[in-house]
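Welcome! Please open the structure in your viewer and get ready to select a few things in turn.

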Amino acid sequence: MKERSGAAAHAFDRREFLRVTGAGVAGLGLLGFAGCGGDDGGGGGGGGGGNEPVTLRWSMWSGSPEETQVWQDLADDVKAKYPNITVKLETTTFQTYWDKLQTQVASNTQADIIGMQAQRMPGFAARGALAPLQEQIDRNPSVNYQDFFPVIQDALSFEGQPHALAYDLGPPLLYYNRDLFKAARIPVPSSTEPMSWEEFRELAQRLTDAGSRQYGYAQDWGFDWIIPWIWSNGGDYMNEDASASTLDAPEAMEGMQFLSDLYRDEIAAPVTDFADPTAGLNRFLSGRVAMHPNGPWQIVNLRANAKFNFDVAPIPAGSAGSIAWAAGSGFGVSSATDNADAAFNAISVITGEEALKSLTAAGRGYPARQSAVPIFEEERPPAHAAIVEEVLNSEIARTETRPFRSTATWQETDVMLTQDLIPSVFLGDPSIEEAVRNVKPKFDALLTRAKDIESRG
Amino acid sequence: MFLLPSVVGFFIFTAFPVVAAIGLAFYDYDLLFGREFNGLQNFQDLVKDDVFRAAFVNTLYFTLASVPLSVVLGLGAALLVNHALRGVVIFRTIYLLPYVTVTVAVALVWRWIYLPEVGLMNTILGWVGIDGPNWLTSKTWAMPALIIMSVWKSFGYNMVIFLAGLQAIPQHLYDAAKVDGATAWKRFIHITLPMLSPTTLFVMVISFIGSFQVFDQALVMTNGGPGTSTTTLVLYIYQAGFQSYKMGYASAIALVLFVVVAAVTALQFMLQRRWVYEGEARR
């Protein structure tokens with residue numbers, strides 16, 4: 001059960017491919033089961049949803065039958081708390097989920113409860129597909145909204161309004177392979193103080209042995225993973241009000257150049273696959289890469305699949321600090337639903353404290369509620385699991401976590417950056433300057449289009 | 001009457017979407033917002049769009065390289081297995097296997113074959129002293145990698161069609177030529193090729209149309225990258241429609257693709273009079 005809520009998966013990887021068939025069959029089976037469940041009329045109800053029996057559809061992505069079962073259990077929990085609400089779970093794979101959701105919204109056949117990812121939320125919120133939730137949050141103090149990490153509240157808010165309640169979140173962390181450090185007799189990175197870029201580069205250099213195909217570093221090639229290098233160097237990819245791209249500012253270009261140089265100098269493992277968004281992670285999993293940035297949602301995957309000891313540290317600090325984003329996933333209410341109150345009650349159960357504790361115990365990633373964090377920290381490795389909370393709340397010196405900044409045209413922007421910027425960062429061709437010169441007007445045009453969509457929506 | 005179900009199906013699932021797609025090409029259609037007529041704006045944007053240009057050139061490159069290779073290899077394989085030898089059926093089956101395998105599955109396997117350090121391709125090249133490239137992340141080699149894989153996958157189908165064509169050539173023509181002292185090469189040039197020309201026309205038309213629609217390989221093996229070096233027209237239609245939500249723009253690209261395919265096919269039929277033998281076939 002690999003968490004895919006972060007930047008992890010745009011296209012599907014090998015493992016997911018193998019799981020697709022199974023998940024589809026299981027999904028169908030569960031739908032049948034839920035459909036037969038029927039409902040036993042109004043019961044305890046309460047909480048503002050009324051007592052009329054209602055059936056809600058819940059669309060969510062899932063990569064395996066086990067994952068689907070975890071969500072199904074939560075659907076059953078909704079029924080236990082609100083006997084008048086029956087939740088029918090509809091799952092599909094992460095990759096197809098977004099195409100399907102878009103088509104459903106266009107044809108007005110979307111589910112009442114919609115699985116949503118922070119990066120993509122503005123695209124749907126700006127087009128009016130997701131209902132704003134502030135009023136319902138105010139009406140239902142039992143939701144205990146302030147328990148959610150503030151940074152994920154922000155990441156799932158659009159124009160100041162929450163549009164989804166989160167179940168998980170994460171900042172990039174620097175994972176490292178303890179065994180490789182031990183073999184090279186190099187002290188492991190500090191988990192309480194981020195190292196500087198210079199220290200990081202030197203460390204990566206010492207851990208690289210290109211002859212035996214061992215590298216100091218590898219990262220996934222998506223733009224999400226380039227952002228921390230830009231931010232940590234004091235730059236950004238768009239200005240304050242998201243009206244123009246700032247990738248051409250020297251801070252942003254230097255940040256990207258620093259990363260690019262790691263690849264040019266073969267301190268980082270070469271990218272061999274631009275179709276696999278988790279290519280860097282797979283390199284790290286192979287045990288031949290010393291350091292790799294990824295979200296806490298990968299810890300479960302690493303526990304299961306890494307044949308080495310690993311731990312986590314804050315990402316390296318550039319001239320402006322160790323600055324990364326937080327993103328995560330949650331559930332929103334369709335603005336087309338006839339049962340907005342019931343749907344809100346359902347998501348308040350699905351993202352409630354009990355639910356997030358059981359999700360965390362089941363390995364679904366890092367909980368979006370601070371009250372569920374102790375469950376996450378119970379298991380080892382990593383020995384320094386506790387730093388995730390400190391990083392998220394920007395409690396470590398020189399470390400800062402900001403909500404992921406995205407727009408109504410983010411998905412398109414990401415495709416454009418993959419085409420026009422990514423090759424120059426990882427292959428050095430063309431130069432960063434040339435790529436940015438090409439990217440800047442396109443980025444600006446997409447931001448203008450996003451503003452246009454927001455004003456129409 | 002009995003045709004009714006299929007006629008209705010044709011109109012609902014084929015004719016209507018085709019007509020609708022042509023119409024949508026003249027709209028600004030954000031899938032989640034609704035549409036607005038904008039005349040030729042989409043086409044004016046296409047002309048200025050460097051990704052579209054790249055996709056167009058890439059598709060031409062792919063087609064012009066893969067069609068001849070696939071046709072020649074298909075013909076070669078057909079000649080090889082056109083013998084009444086024992087076990088030849090097995091070879092026919094083996095050559096056809098790639099064609100009947102799902103492209104996505106094949107493409108996933110070829111991703112491993114193309115891995116630079118441990119992949120099969122570079123290992124084999126290493127045996128003959130060639131230091132193979134980083135196939136799928138090289139702007140130069142990513143497209144040839146897709147072409148090689150696609151040719152490998154498609155030539156078996158061409159082989160089957162050619163085989164049927166070969167077996168329809170009357171034996172007496174070869175017998176007569178032998179009596180006249182024609183060499184094997186001359187028999188091939190003067191009997192096999194002309195007699196096979198209607199088959200060749202069919203194979204060419206089908207291959208061209210198939211190549212212009214190349215999509216799965218690019219999506220799975222390179223996702224159109226690095227950069228836009230393997231972004232094909234159909235992949236770009238998908239990106240425009242489902243990742244950028246610009247359905248009208250996607251329809252405009254589809255319309256351009258349709259016009260190109262129609263033009264190339266028409267051209268092939270016009271040129272066929274020059275080289276396709278129709279003698280006995282037409283009676």
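This is a predicted model: local features need pLDDT of at least 70, side-chain atom pairs count only at pLDDT 80 or more; totals for chains, interfaces and linings use all residues.

Residues are numbered from 1 along each chain as its sequence is written, chains are lettered from A and ligands numbered from 1 in the order in which they are written, and side-chain values use heavy atoms, with hydrogens and water left out.

**Stop one: the interface.** Select chain B and chain A: 36 residues of chain B are in contact with 37 residues of chain A (contact means heavy atoms within 4.5 Å). Now pick out Leu32(B), Phe33(B) and Glu117(B), which supply 20% of the area that chain B buries against chain A, more than any other three residues (buried area is the accessible area, with a 1.4 Å probe, that two parts lose on being put together, summed over both).

**Stop two: a salt bridge.** Show the side chains of Asp50(B) and Lys442(A), which form a salt bridge at 2.8 Å, N to O. The rule (a side-chain nitrogen of Lys or Arg within 4 Å of a carboxyl oxygen of Asp or Glu) finds 6 of them across this interface.
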